[in-house]
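I open this notebook to record what I looked up, entry by entry.

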2 protein chains.
Amino acid sequence: MSNQELDQLRNQVDELNLKLLDIINERAKLVQEIGRVKETQGVYRYDPVRERGMLNLIKENNDGPLKDSTVEHIFKEIFKAGLELQKDDHSKALLV
Amino acid sequence: MSNQELDQLRNQVDELNLKLLDIINERAKLVQEIGRVKETQGVYRYDPVRERGMLNLIKENNDGPLKDSTVEHIFKEIFKAGLELQKDDHSKALLV
């Protein structure tokens with residue numbers, strides 16, 4: 001396989017990276033929305049049962065090649081990013 | 001906002017999680033393919049310049065709400081997963 005073909009594969013990876021970026025940010029907006037709703041209900045934001053439920057659904061649907069443990073690890077980082085964003089929103093709300 | 005609306009938001013998050021899962025695995029397959037190509041060329045798999053280039057492109061395209069630093073952190077985990085997969089493939093190839 002030539003370097004041109006390697007470049008093509010890399011371009012495809014770049015495209016998927018940007019798709020992932022879009023969806024991760026779209027997801028973050030939903031999580032912000034959920035945070036705002038919970039805030040009005042006075043509910044604590046972090047919900048380990050919900051997190052476990054999300055991870056189970058993800059792993060049930062994992063056809064690889066990535067292992068369940070790897071997928072779980074990546075998603076935990078994505079969940080953490082969402083929670084941090086909610087925390088930022090909460091701090092800002094307190095400053096108003 | 002009612003709990004029904006909260007459930008709707010959560011369903012949307014679940015849908016995005018599964019979309020992310022699909023793309024992360026699709027990306028992993030491409031990275032495996034790239035690993036095989038590099039293997040035949042005798043090139044070392046980890047390429048920090050390429051990784052930096054991918055991150056720069058991602059950050060240039062980041063419109064938030066997630067911060068660049070958070071996005072970088074998540075993608076580094078995704079990159080790591082790809083590299084580990086290539087390493088597994090390499091070990092298996094050595095066993096043949």
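The entries below begin with conventions and then turn to the interface.

**Conventions.** I note that this is a predicted model, in which local features need pLDDT of at least 70 and side-chain atom pairs count only at pLDDT 80 or more, while totals for chains, interfaces and linings use all residues. Residues are numbered from 1 along each chain as its sequence is written, chains are lettered from A and ligands numbered from 1 in the order in which they are written, and side-chain values use heavy atoms, with hydrogens and water left out.

**Interface.** I looked up the contacts (heavy atoms within 4.5 Å) and found 52 residues of chain A touching 52 residues of chain B. The two chains bury about 5100 Å² between them, 73% of it on carbon and sulfur atoms; buried area is the accessible area (1.4 Å probe) that two parts lose on being put together, summed over both. On the side of chain A, the residues losing the most area to chain B are A:Arg10, A:Leu20 and A:Pro65, together 12% of what that side buries.

**Polar pairs across the interface.** I counted 14 residue pairs in polar contact between chain A and chain B, both residues at pLDDT 80 or more. Such a contact is a pair of N or O atoms within 3.5 Å; within protein, one must be able to donate a hydrogen and the other to accept it, and residues adjacent in sequence count only if both atoms are side-chain atoms.

**Helices at the interface.** Helices here are DSSP runs (H or I, at least four residues), numbered from the N terminus. H1 (3–41), H2 (48–60) and H3 (68–95) of chain A each supply at least two residues of the side that touches chain B. H1(A) gives the largest share, 27 residues.

**Symmetry.** I superposed the copies by least squares on the C-alpha atoms of residues with pLDDT of at least 70 in both. A rotation of 180° with 0.0 Å of shift along its axis brings chain A onto chain B (RMSD 0.0 Å). The two copies are therefore related as by a two-fold rotation axis. Of the residues of chain A, A:Leu20 comes closest to that axis, at 3.2 Å (C-alpha).

**Salt bridges.** I applied the rule of a side-chain nitrogen of Lys or Arg within 4 Å of a carboxyl oxygen of Asp or Glu. The count over all chains is 14, and four lie across the interface of chain A and chain B. B:Arg50 pairs with A:Asp14, the closest N and O atoms being 3.3 Å apart.
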